[in-house]
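This report describes the fold, the ligand surroundings and selected backbone features of one protein model. The sequence and the structure are shown first.

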Amino acid sequence: MNLEKSLSNHDPVQANSIICTKLLEVTYKNNLPALKSTTLNIAQGSFVVLLGPSGAGKSTLLRALNGLVKPTGGSVTAAGLGNIAKPSTLKQHRRQTGMIFQQHHLIGRLSVLSNVLLGRLGHHAGWRMFCPWTQAEKELALAAIERVGLLDRALERADQLSGGQQQRVGMARALIQQPQLLLADEPIASLDPNTSLRLLQSLHDICKSDGLTAVVSLHQVDFARQFADRIIGLKQGSVVFDGSASEFTELHIKNLYQHQPGNSAITAKALPMPGSFLQSSLVEV
Ligand SMILES: Nc1ncnc2c1ncn2[C@@H]1O[C@H](COP(=O)(O)OP(=O)(O)OP(=O)(O)O)[C@@H](O)[C@H]1O
Ligand SMILES: [Mg+2]
């Protein structure tokens, strides 16, 4: 992304950030706030893990970062592009943002290769979708499949693969987009611990070697501590922790996962928050 361009356009994204939210709020139709006034700057090249109990707002935040959920307040701004609420900006943003879903969202009867190629659709004009894939695209897809360790399964039907292998196909499909930003919503939710570890390790390695920024939601605190450059803890729609893995102490874990009727941020204020990452969302609650 062109940061210089973003600055010259008076884009409010900080110089080292790839995407930011400002006072972002999401309230669904049931009128319960899923995400409360949240201001975050995601640094370019960082591997960010979202933690928090079920219903905390992790998926809502991830989806808002890709425009799949519309903010009811505040904004999401991509570096070099601006506020993604504008349809043309959102289209460009999605083209450079890969998404990995918990349920893979593969088409089972299609081959691994065909599923991965579908990741290129965003790069095609409408009419171009009906044309066969080019040789260059097929080579790109095979390279992505090789990176996730599935080259020997490239021509098999996706539904003949294990859950872990299917998630690798999902990874390859996101990578073929050649994204700047990767969003992954519980990518290891349905995998056993060893498979989870290997998959996260691959995801982390690929992101680091390509300089890709990742925002990944997880339920596994240990994996978050192992891989995250930064952990963002969400509870009842608010950021209650934002800091490095080493700053994420047992006390923070307890606060994050402890069931607490009422306003969780009151307790969070009593806990030491890593100063450099202090978010206005917490202060304002
Ligand atoms: N489409 C929707 N319509 C109405 N409410 C929703 C919708 N999606 C999520 N919610 C609500 O918003 C809140 C946050 O949900 P979200 O899915 O973001 O949480 P989460 O942290 O991802 O949870 P989990 O760990 O279970 O995936 C929850 O109270 C949930 O019930
Ligand atoms: Mg979720």
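Leaving aside residues up to four places away in sequence, Ser46 touches Thr213, Asp229 and Arg230. Ser46 is placed in the loop between β2 and β3. The C-alpha atoms of Ser46 and Thr213 lie 5.1 Å apart in space, although 167 residues separate the two in sequence. Ser46 counts as partly exposed because it has 18 C-beta neighbours inside 10 Å, whereas a buried residue needs 20 or more. The model is predicted, and every value in this report is computed from it.

**Overall composition**

The protein contains 11 helices and 10 strands. Of its 285 residues, 45% are buried. Among contacts with a separation of 6 or more, 69% join residues 24 or more positions apart.

**The open sheet**

Four strands, in the order β2-β1-β4-β5, form an open sheet with antiparallel pairing. Its edge strands are β2 (33-43) and β5, each of which pairs on one side only. Strands of a sheet pair through backbone hydrogen bonds, either parallel or antiparallel.

Strand β1 (residues 17-27) pairs with strand β4 (residues 73-78) over five bridges in the antiparallel sense. Within this pairing, Cys20 has Thr77 of β4 as its bridge partner. Thr77 also stands opposite Asn83 in β5. The antiparallel pairing of β4 with strand β5 (residues 82-83) comprises two bridges. Three residues lie between the strands in the hairpin of β4 and β5, where Gly80 takes a positive phi near 80°.

α6 is mostly covered, with 11 of its 13 residues buried. The buried residues include Gln165, Arg168, Val169, Met171, Arg173 and Leu175. Among the elements that cover the buried residues of α6 are β6 (97-100), α4 (112-117), α5 (135-147), β7 and α7.

Helix α7 (residues 193-210) has 18 residues and reaches 26 Å from its first C-alpha to its last, close to the 26 Å expected at 1.5 Å a residue. Which residues of α7 are buried? They are Leu199, Leu200, Leu203 and Cys207. These residues lie on the same side of α7 because they cover an arc of only 95° around the axis. An α-helix has 3.6 residues a turn, so residues three or four places apart point the same way. The exposed residues Asn194, Asp205 and Ser209 are carried on the face of α7 turned away from its buried side. The cover over the buried residues of α7 includes β3 (47-51), α6 (163-175), β7 (181-185), β8 (213-217) and α8 (221-227). After α7 comes Gly211, with a positive phi near 70°.

Most residues other than glycine have a negative phi, and most peptide bonds are trans. Two residues that depart from this pattern are listed below.

**Surroundings of ligand 1**

Which residues surround ligand 1? The shell consists of Tyr28, Asn30, Leu32, Ala34, Gly52, Ser54, Gly55, Ala56, Gly57, Lys58, Ser59 and Thr60. Helix α2 (residues 58-65) supplies the largest share of this shell, three residues. By class, the shell around ligand 1 comprises seven polar, four nonpolar and one charged residues.

Methods: Residues numbered from 1 in each chain as written. Chains lettered and ligands numbered in written order. Predicted model: local features only at pLDDT ≥ 70, side-chain atom pairs only at ≥ 80, totals over all residues. Near = placed C-beta within 6 Å. Nonpolar A, V, L, I, M, F, W, Y, C, P; charged D, E, K, R; others polar. Buried ≥ 20, exposed ≤ 12 C-beta atoms within 10 Å, placed from the backbone. Contact = placed C-beta atoms within 7 Å. Pairing = 2+ DSSP bridges. Expected span 1.5 Å × (residues − 1). Arc of directions from axis to C-beta.
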